[in-house]
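Work through the exercises below with the sequence and the coordinates open. Each task is followed by a solution in steps.

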Amino acid sequence: MRDLDVAGPAERRALGQLRVGPRWALASAAVVALVVALALFSGLANGSAVRATFPPGASGGVPFGGRGGPPGAVFPGGAPASFIDLNVVAGVLHMTTAELQVELASGAPLAEIISQHGATVDQVVSALVDQARSQLDVQVAAGQLSPAQEQQLLASSRRRLQAAIESNRVGP
Amino acid sequence: MGTGPTGSRRAAERLRAHLPGLAEAHTAWLLVILGAGLAVRLLLGSHGVFQADAQTFRGWATRLVTTPLSDFYGNGTARPVDHLPGDLWILWGIAHLYRLISPDANFQSPGFLVLLKLVPGLADLGIGAVLYLIARHLAGPGVGLLAAALFVFNPAPVFVSAIWGQWDSVSALFMLVALWLVLRGSAEWALPALTYAVLIKPQLALLLPLLAIVWWRRYVQPGRRPERGPDLARRVRRLALATLASLGLFLALDLPFGVGLPPLPTRWTILERLDVAWNQERSVSANAFNLWGVLAHASGSRFIDDGRVFLLGVSYQHWGEALLALAVAIALVVVWRRPDAPAVLWATLTITLSLFMLPTRIHERYLMPAVVLAVLVAALAPGMRWLGVALSLTYLVNVSVVYHVFGRQTFGFGVSARPSDPVVLAMAATNLFLLLVVFGVGIALARRPVEEVDALAPAVGDADAPSAATAVGEAAV
């Protein structure tokens, strides 16, 4: 039996086969450049796809993608967690995001926390919608969204946020 | 001239006499690397945390010590728990340990945060040690030390473990142990290690077909046709035992949480828990700078539901799944053609990198296993050093940007601005380039001339087994 701790010399030599051919690297770079160009200048990324997929009910606050985020920041009904930006909520409640997260983790529903801190659900929802509006304005200015679509999204967002918070569907 | 052979013999004897000392020196250096790595993590550990994730861990820790395990997945949290029991057991362990140390069990305390960060920190060191073993096995102790150091002091894993406080290195460690066992000729015993990794990160289950093919091509069909012999019978017995051990491990970890396999009468099946985990995120990318960072977010678009149609009437999600299936199939074909160490290393890297790059709903941190393997390949093959560096860099930028944006904390890696779309696009495009290049490496591996491949040594650690390389030579004829 060969020593288990040492591979054979041929196997060691074969490691040298792990290398990149320059032609393949160039071809890969060309493919990536093409994909990026297509994404930037076609409808894949900034055309109808985005307009069609901006989620109804989103209040914004997510610079890129979505995130599971802290316990309490999710609509169990399905909307991604990041649509309630806890930083905005914490700002309305005059507390830090970390403090808010601690309270959510302790088991209190968001509506109860809002009430305990002397605020109303309306105030929180308005702040979240305002934040969403500032982000959507950018998209409207860029021609990616029409003003009517923006209003529609904001109205839908307000309804869903209100319902989610009032029905205590946001909690730890 | 007559003194030549005698001189060589003497030199060889002298070398042999020094070998134990050399081995000890390498072990000492490894301990220095690991010790310094631990010190770095302890020092940085107090400089931040991703609050949202830490709060999730704290909430789960509270639940683990206050409710029966069988109720852990039950009602009581508005956001369903999206982890499988694998790392929950580790959390259970440190939560109980902390309660012993601090009877008030205040999981919000800094002391518990230290424990939370110690877990991935120690897993990092474990990865460093296993990288040393693999690289020593394949290329000698010096390269082993290089591999360990490249990972232990790599800023990206340090950031994820010590500052962010996430546990991605735990599953990566068990995946790496499985790879080590495969390379040592104990592919069967890789199965329990991989099972545990899958119970933490279920997507690593895509490595199971790779394991099956390596086992088959090394021990059952090293030539063009299946072979039967006493060695095969021994291998089959060992595989049966390892499969039973894996199943036992699976049930031992899952049943206390009320999770089982159908048709067991448990409260949940593992498929239901996977469904919960999988449906937590529905965006094309959960902040991973991957293919969808290029295709979907190039213009700075925000959330995109992956159920939406992308191209040709097919949704983003299904495009991602199809591309991933294709990538895994290519990796398996390459390993089928040559199940030797370089190909197995390449295929493991390819599958883990594809798992980050191609499917939708992927988090930024999920690049960790690919970074571990890229570092290993970088240490072993000088022609691949750039890959380890590049992937580590894009990973660091990805986790730093997300940490900054969502955690609202910076830690001086130069990411002081809000993430701009060019950053996302540049890093995602770089990762896409790296993925394509890695595929090029594999295709070149599979197309090596027969005579080169034919010269490879027998399957590692199993001198009795037929030569895998010879088998490849035969298969390629």
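The model is predicted, so local features need pLDDT of at least 70 and side-chain atom pairs count only at pLDDT 80 or more, whereas totals for chains, interfaces and linings use all residues. Residues are numbered from 1 along each chain as its sequence is written, and chains are lettered from A and ligands numbered from 1 in the order in which they are written.

**Exercise 1. Chain summaries**

Task: State the secondary structure, the burial and the contact range of chain A and of chain B.

Solution. 
- Step 1. Helices (H or I, at least four residues) and strands (E, at least two) are DSSP runs, numbered from the N terminus. Chain A has 9 helices and 0 strands, and its pattern along the sequence is α-α-α-α-α-α-α-α-α. Chain B has 19 helices and 4 strands.
- Step 2. A residue is buried if 20 or more other C-beta atoms, placed from the backbone, lie within 10 Å of its own, exposed if 12 or fewer, and partly exposed in between. In chain A, 43% of the 172 residues are buried; in chain B, 55% of the 477 residues are.
- Step 3. Two residues are in contact if their C-beta atoms, placed from the backbone, lie within 7 Å. Of the contacts in chain A with a separation of 6 or more, 65% join residues 24 or more positions apart. For chain B, the share of contacts between residues at least 6 apart that join residues at least 24 apart is 70%.

**Exercise 2. α8 and α10 of chain B**

Task: Classify the packing of α8(B) against α10(B) and list the residues that meet.

Solution. 
- Step 1. Axes are lines fitted to C-alpha atoms, for helices over the stretch in contact, and angles run from 0 to 180 degrees between N-to-C directions. The axes of α8(B) (residues 190–198) and α10(B) (residues 230–254) come within 8 Å and cross at roughly 25°.
- Step 2. Angles under 35 degrees count as roughly parallel, over 145 as roughly antiparallel, 65 to 115 as roughly perpendicular and the rest as oblique. The two helices are therefore roughly parallel to each other.
- Step 3. A crossing is left-handed if the near helix is turned anticlockwise from the far one by less than a right angle, and right-handed if clockwise. The crossing of α8(B) and α10(B) is right-handed.
- Step 4. From α8(B), B:L191, B:P192, B:T195 and B:Y196 meet B:A242, B:T243, B:A245, B:S246, B:L249 and B:F250 of α10(B). Ala, Val, Leu, Ile, Met, Phe, Trp, Tyr, Cys and Pro count as nonpolar, Asp, Glu, Lys and Arg as charged, and the others, Gly among them, as polar. By these classes the contact holds 7 nonpolar, 3 polar and no charged residues.

**Exercise 3. The domain contact and α7 of chain B**

Task: Describe the contact between the domains of chain B, then the surroundings of α7(B).

Solution. 
- Step 1. Domain bounds come from an automatic or database domain assignment, which gives domain 1 (25–280) and domain 2 (281–446) in chain B.
- Step 2. The contact takes 44 residues from domain 1 of chain B and 35 residues from domain 2 of chain B. On the domain 1 side, the largest share, 8 residues, comes from α7(B). That side divides into 32 nonpolar, 9 polar and 3 charged residues.
- Step 3. α7(B) and α15(B) (residues 368–380) pack at about 50° with their axes 9 Å apart, which makes α7(B) oblique to α15(B). The crossing is right-handed.
- Step 4. B:D168, B:S169, B:A172, B:M175 and B:L176 of α7(B) make this contact with B:M368, B:P369 and B:V372 of α15(B).
- Step 5. B:S171 also lies in α7(B) (residues 168–183) and is buried, with 24 other C-beta atoms within 10 Å. Beyond four places in sequence, B:S171 is in contact with B:A197, B:I200, B:K201 and B:L204.

**Exercise 4. Backbone details**

Task: Where do B:P263, A:H94 and B:L312 lie?

Solution. 
- Step 1. B:P263 is in the loop between β1 (259–260) and β2 (268–269) of chain B; a cis peptide bond with omega of about 10° joins B:P262 and B:P263.
- Step 2. A:H94 is in the loop between α5 (86–92) and α6 (97–105) of chain A. Its phi is near 55°, and A:H94 counts as exposed with 10 C-beta neighbours inside 10 Å.
- Step 3. B:L312 is in the loop between β3 (309–311) and β4 (314–315) of chain B. B:L312 has a positive phi of about 55° and counts as exposed with 6 C-beta neighbours inside 10 Å.
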